[in-house]
Amino acid sequence: MSLQKARVFENSLVDSGAKGISAEFMQIYRSREVGQSYVTSVWTTLVATAHALWLMIKIRPQVVLCNGPGTCIPLCVIAFIFKVVGIRWSSIFYVESIARVKRLSLSGLLLYKLQIADQFFVQWPQLQRKYPRARYVGCLM
């Protein structure tokens, strides 16, 4: 549904006469589906990481902005590896979901604990107190 909504929005901008606006949509593989066992998610994570590597080389984004679904981990890991080996194409910005009030999502926890994100944002002050490297920015929606 998100891809369909994005395309409708993109078309509405073009129809309204906006100049110089164009978007290219690409599918990003998920590391793990909701409810998928951790054992089988090892394989899907490897496939997603290989796909993320191909995307990062092809696109070379300046910013990876993510908000937590299983699609963000492979992209962030590849961007982080590139940074470690001296190929700095992307800054990584992670925004934890507003639905996360008391604890981080699995994606957020991994990125926070492994210190992969360049900037880590939370939308609740109690999360910032619990995770002091996070930046509280209030509600972003």
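Author: H3 and H4 are roughly parallel to each other (the term for angles under 35 degrees, while those over 145 count as roughly antiparallel, 65 to 115 as roughly perpendicular and the rest as oblique), because the axes of helix H3 (residues 72-84) and helix H4 (residues 106-113) cross at roughly 15° and come within 10 Å. This is a predicted model, in which local features need pLDDT of at least 70 and side-chain atom pairs count only at pLDDT 80 or more, whereas totals for chains, interfaces and linings use all residues. Residues are numbered from 1 along each chain as its sequence is written, and side-chain values use heavy atoms, with hydrogens and water left out. Helices are DSSP runs of H or I with at least four residues, numbered from the N terminus, and axes are lines fitted to C-alpha atoms over the stretch in contact, with angles from 0 to 180 degrees between N-to-C directions.

The crossing of H3 and H4 is right-handed, that is, the near helix is turned clockwise from the far one by less than a right angle. Cys-72, Ile-73 and Cys-76 of H3 make the contact (heavy atoms within 4.5 Å) with Ser-107, Leu-110 and Leu-111 of H4. These residues divide into 5 nonpolar, 1 polar and no charged, where Ala, Val, Leu, Ile, Met, Phe, Trp, Tyr, Cys and Pro count as nonpolar, Asp, Glu, Lys and Arg as charged, and the others, Gly among them, as polar.

Helix H2 (residues 38-59) also packs with H3, at an angle of about 55° and with the axes 8 Å apart, which makes H2 oblique to H3.

Note on methods: Helices (H or I, at least four residues) and strands (E, at least two) are DSSP runs, numbered from the N terminus.
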